[in-house]
Each structure stands twice: as C-alpha cells, then as structure tokens.
Amino acid sequence: MHFHLTEEQTAIQDAVRGTLADAWPIERIHAFADGDADFDGESWRALMALGLGGILLPDSGMGLLEAALACEVAGEAAAAGPLIGQWLAVAAAAASGKGGEFLDPLASGERVATLVHGGSAFVPCARAADLFLIVDRDAGVRLVPASEGVTIEAVRASDRSRPVSKVEIADGAGERLFEAADPMTARLADAALVLVAADALGGAQKVTDMSVAYAKEREQFGQPIGRFQGLKHQLAHMALDVEPARALVWYAAYAWDAGLSDAPRAAAMAKAHLCDVYVRATRAAVAAHGGIGYTWEYGLGYWFRRAVFDRAWLGSPAEHRARAAAQAGW
Amino acid sequence: MDLSYGEAAEAFRAEVRAFLSLHWPPPSDMRGTDLRQFIRTFRALAIDQGYLYRAIPKRYGGSEQPVDVIRAQVIREEFARAHAPTEVGGNGVNMTVPTLLEKGTDAQKELFIRKTLEGDYIWGQGYSEPGAGSDLASVRTRGELSADGGKWIINGQKIWTSQGMQATHMFMLVRTEPDAPKHDGITYLLIDLDQPGVTRRPIRQMTGEAGDHTFCEFFFDNAETPVTWQVGERGQGWYVSRTTLKHERASIGGADGLGKQFAKLVELAKEVGRIDDPIVRDRLTQIEGFVLSHRYSSYRIFSCAAAGEDAGAVPLMMKLLLTEIGHDMALLAQDLIGEHGFVEPAGAGGRGNRGPRGPEKWMDQIMGSLGNSIAGGASNIQRNIIGERGLGLPRDLAMSGER
C-alpha cells in the first residue's frame, strides 16, 4: 500500500518548480502576456533539459502520474508551452509504432506538438507547433505535421500564458495513429483529462497560497487581515476545496497507469471536479486579496484566465459528469 | 502508487479469515445471556490472537501489538465482512482508556481499563456545559475537597453526553481552583454515576430522537468521588483532556461509511424515479467528486501513517469535509424525497426496531447532517483549526490566550 508521493516524485516536482522559478518568474509572464508570441522557447528548453518530454516513453520508468505531477507544477507557475500535447504525442507515437521519426525530437523537446481536441477550433500554442496531435473519441487519433493542410488564424487569446489560435486541419491530413475504436484513442483522451485536472490543481493551489501569504502580510485595523475570522474561514474553505482534491488527481493518474477498470471514470471525475475547484479558487483569491488582486500587475488574472481555459477545454465539468454518470451505469 | 496491501498483509488476511470462520457467527438460534457470553468469549479469543485492543497492554486486557496500520486495517475489513463484533467502542475505549494509559495512576489503570474494554463500564463525557461549548475551558461545574480531604464534592451541570442513559461512569472537567487563570483551574475527575447526587435527563433532539439512546444532561448536587479518582495533577485537567480530544478526532470519519451513504443516495434517486433526470445525475456526480476526494485522501493519510510520514494539513480537514458533504447530500435527498418528507419516519432519529421505512427515512440523515456541524468540534472551530494550524494564519485575538 502506497498512496502518497515517493522521494523521486517529490524530486521531479522540486526540479520543475526550481526551473520555472528561474526561467518563468512573474516578470517574464508579464512580458510574454503583452507580446504576440504563443510560445516561449527559453522556458520550454529549460523544462525539456530536465527530460520532461520523455516521461511517457514506454521505457522511462515513469507514467501519467509523473507527468501529472510535473503538469501540476506547470499550472502552479502558469507555464507557457503545450506540455500536455507534447506528452500525449510521445505516448501516441510510441504506442502506435507509427510516427517513429518524431519520437526522439519530441521526447527531447526539439520539436513541439500541441493537442487538438476533436471538435474544437481552438488550439493552444498552435503557431509554434511542429506537430498537431488530434485526439477525437469519435474519429481516432492523428498526428499532423504543421506543413500538411493546417490553417492557423491568430486570435486575441484570453489565456495569456497558453494563447490559443483558431486552427483548421484538412480531413485526412497527416497520419492516423489509432482508429476511433482502438482502446488507445479513449486512453489518450482520458490521459488529457487527467493532465488538465493536474494543471487546475496546481493553479488552484497557487492562488490559495498567494491568498494565505497576502493575508499574513497585509495589515488593516492594525493587524494582519488573516487574523480576522471572516477571511480566515474563507481561506480555510479554499484549502478545504483544493487539498483533498489532490488525491483525486493522484488516483486518476494511478488508475490510468495501472490500467484499472475505473480509470476512464476517474479521469472524467477528476477533470470535472478540479476545473470547478480551479474556478472557485481563483474567484475566491481575488476576493481574499481585495483591490490588489484586481490589478493586472499583481498577476492573479493569469491564473483566473487559465481556469477559464481549463474548465471549457476538452469538455465542461457538466459534460464529464454526464459521462461519469453513464459510466457508473445509473 | 499501489493500493494493494502487499503479500504479507494478504497472508495475514488469510489468518484472520481462518480465525473468523472458526469462531463466528454464533449458532443462529442463540439468544439472550448465551449470546452475550458467546460474544464475550469471541472477543477474548480475538484479543488472544492480537486482533483487538492492539495498543493496550496485556496486563490491562489488551493485546499489546506493535503499531501496524496495515494489519489493523485488514482486521477492520475482515471483521466488518464477517459482521463480527470488534472493540466495544464508545467514549470509554476511545477516550478514557488512552487518557488513563498516558496520565492515570497504576491503581486507576487496574481499576478501570479491563472493565471498560469488556464493556462493563460505559463512560459518559462530562465536558460541555450550557455555558461552555466551543469555549470549553470556561467550565463552571465546581469541585471542592471534603473536610477530610479524601473526596471531591461536585456541583453543577454537564450536557450533550452520548450514551448518557447507559453510562455507568463519567470523566469530567471540573473547576477546582476558581481563582486561577481559566485553563489552570480545572481538574480531570472520574466519577461513579450511580449515586444520589447525580440526576440524568435525556435531551429531546430536533430529530424527535428521545428516550434511551439520545444525549443526556447531568445535574450534580453534592455528588462525590474519591480524590484517588482524580487523573493528573489538581488544576492540570485541561491538559489531561487534550489527550482525549485528539483520540476523538481520529475516530470520527470513515471513508467507507460515506461511500455507503452515497450509494444509498443513488438508490434513493432510483427508488423515486429520478435517476434519469440530468439535473439529478449532475448533482449526484458533483457530490461524488467530494466523496471520492474524501476517500482517496483517507488512503493518503493512511499511507503516510503506514510509512511514518506526516500527511500535512489534510488530516485537519477530514471532519469538516465529511460534514460539508453530508449537507450536500441532505439537500439533494430533500429534493428527491419531495412530499415523502411530509411524513415523520417511524422511530424518527432513534435506533432499534422500527420496521420497513420508505424514502421518508432520509429525514434522519437530513436532520442528522446538521448535528455533524456541531458534534466533535463545531464547523467554525474546524475552520479555525485549518486556518491556524494548517495554513499558519495568526490566532484570533479573543482566543490568543488559548492553548
């Protein structure tokens, strides 16, 4: 029985956290958010230098849990770059035996892949991507090089750390890795849900931590505002919302890695629950901060915008809860 | 991560199962005194095997086993599966015994522990008073030494005592040093409830629950207890009592219970023909997100305990999480039962035989969920604990003198 992080797993999170603290501080986020790029090469290369790109290689000794742990820290740091697409492209290429020529450059991060959710016109980091991994439960999985029938239209994206573009991909472009009926199609779609849940967990934890730190430091009526029971209870509720939900993400990732029969449902539940938590946490964080939280400069807005994205991307909480209800046989 | 318990635990499980298949259940026609004796013998055998009262020394009737949360879990699972009796439970086992082991005299341990484990002594908790709820250290029930210094004479009132009608004894916080600062003027006393100076009265609850199984209030009118039944130093009772509240916190909760209750809520939605309603399905799965968070967090806490690691702030959150989920379930249940809720359920809130009951039985849970916000540390106190101990926020000025 082991259901908490090992030293190695904690070390992965510490390494990603340390790397992003150097490569992606708030000043860099501000500069990026005011620019036109949808990708930041420097922080991407710093993450890839840790070997993150290869986590889902079959012989890595790691799995979706480790990817989710790294993704959580990326969410905490509001990192740029399509980590989720990159991991899934590596997993898909490796499992399909096709697209082998992409495997090494993807695992090393030299080439960049982004995830296209079947049916959605919006794709994060599309202008920087070399490859588009389309995962569609109804149409299967395709890997499409940017040069093959991909049309990209830039939009002013609301999520400033992972800007989306409008993307059209010609039918039949690229290579089909899995048919819709192949179990791997659903598995990849499930993995994407777990990774978004992990990003949401990291973001929700981050804004909770920011709120707690601010409540200890900010003084009104001659004392730290965190001493007032009204705010203390709001902060306790934020923590109560976030911390127990961590285990939901762990379970979903563990179930996927272990191939448990409830893995698809666990992924749906985690996506739905954590995206609710993320939106609640970012809203509560702004309220807990007061005026400073409402400024652009303070930065809470970046996580609020990521919460908006995570919630709607790959399907709403209501959609995944409806799936989970059906999967339970109700 | 790995949710299996490992080979050693499975081998142990086989042992426990073999034991249970040999000694439980009793013959189906066994009743009354014979059945009680059978259960007593069964418990004694289970203690000999090291299955029950594992933290308690053998000389006091325990099985004195090394700490092993996995084995303890296997035992709980297998005994539950076999519907076999486990430890007698209650305040005595959960609170009195751990306190005596830590702070009691040898004579007190000899006198009380074995009788408590065997169910002969049932303990009421004498903490809350009408004027001392969350601010427990403000208790006013008085204790004064008799002229010969051999007895404490007790006057005052205690309230919210579980198992009050059955209790044979009480552990209580009594003010013995009225001039000392409030935390330093309290003494922890044990008392025999069978005496003329003690009056008990059941409290009728909003659920309708009354009679033998409800909470009681106790009135003490020159009640007496020997000074040798005082636990710890005079004036140190507040600190003695801290041992016990910790134990109570560890024994509230239980992920399995919550999971079963959720499964019943799904059954209710089916029973009243609402399971295909998309709104009901959404609310159920929304609640289930919290139910599963609670369950997997309990795995996490358990896993940390097994590895001897600190689980951080999440153990501080489990009681409030459970309470909040109970409220959410109550709200959905109330919608699902609809007009069934117009009918008072048979044996409302009570225990014992009450025959088959329809959807109206959920009124027990709907009202009972309110009690969870109060019992065992009120929700606002839980929020303080999470905020102050979990998040490191500064203590409320009004409570900055609290320990």
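In which handedness of crossing does H8(B) pass H9(B)? H8(B) goes past H9(B) in a left-handed crossing, a term used when the near helix is turned anticlockwise from the far one by less than a right angle, with clockwise giving right-handed.

Hi everyone, and a quick word on ground rules. This is a predicted model, where local features need pLDDT of at least 70, side-chain atom pairs count only at pLDDT 80 or more, and totals for chains, interfaces and linings use all residues. Residues are numbered from 1 along each chain as its sequence is written, while chains are lettered from A and ligands numbered from 1 in the order in which they are written.

Let's stay with that pair in chain B. Helix H8 covers residues 278-307 and helix H9 covers residues 314-337; helices here are DSSP runs of H or I with at least four residues, strands are E runs with at least two, and both are numbered from the N terminus. Their axes come within 10 Å and cross at roughly 160°. Axes are lines fitted to C-alpha atoms, for helices over the stretch in contact, and angles run from 0 to 180 degrees between N-to-C directions. That angle makes H8(B) roughly antiparallel to H9(B); the labels are roughly parallel under 35 degrees, roughly antiparallel over 145, roughly perpendicular from 65 to 115, and oblique for the rest.

Who meets whom? On the H8(B) side, the residues include Ile287(B), Phe290(B) and Val291(B), and on the H9(B) side they include Met318(B), Leu321(B) and Leu322(B). Being in contact means that C-beta atoms, placed from the backbone, lie within 7 Å. This contact has 12 nonpolar, 2 polar and 3 charged residues. Nonpolar covers Ala, Val, Leu, Ile, Met, Phe, Trp, Tyr, Cys and Pro, charged covers Asp, Glu, Lys and Arg, and polar covers the others, Gly among them.

Now over to chain A. Its helix H8 (residues 229-258) packs with helix H9 (residues 263-289) at an angle of about 160°, the axes being 9 Å apart. So H8(A) is roughly antiparallel to H9(A). The contact of H8(A) with H9(A) contains 21 nonpolar, 2 polar and 2 charged residues, and the crossing is left-handed.

How do the two chains meet? Chain A brings 35 residues to the contact and chain B brings 44. On the chain A side, H7 (183-217), H8, H9 and H11 (317-327) each supply at least two residues. The most comes from H8(A), with 15 residues. That side of chain A counts 24 nonpolar, 6 polar and 5 charged residues.

One helix pair spans the two chains: H9(A) and H8(B) pack at about 105°, with axes 10 Å apart. They are therefore roughly perpendicular to each other. Met269(A), Ala272(A) and His273(A) of H9(A) make this contact with Glu288(B), Gly289(B), Leu292(B) and Ser293(B) of H8(B).

Stepping back to chain B, an automatic or database domain assignment divides the chain into domain 1 (7-87), domain 2 (95-237) and domain 3 (252-399). The C-alpha centres of domains 2 and 3 of chain B lie 30 Å apart.

Two local details to finish. In chain B, a cis peptide bond joins Trp24(B) and Pro25(B), with omega about 0°, and Pro25(B) sits in the loop between H1 (7-23) and H2 (32-48). In chain A, Cys125(A) has phi near 55°, a positive value in a residue other than glycine; Cys125(A) belongs to the loop between strands E2 (122-124) and E3 (131-136).

Notes:
Two residues are in contact if their C-beta atoms, placed from the backbone, lie within 7 Å.
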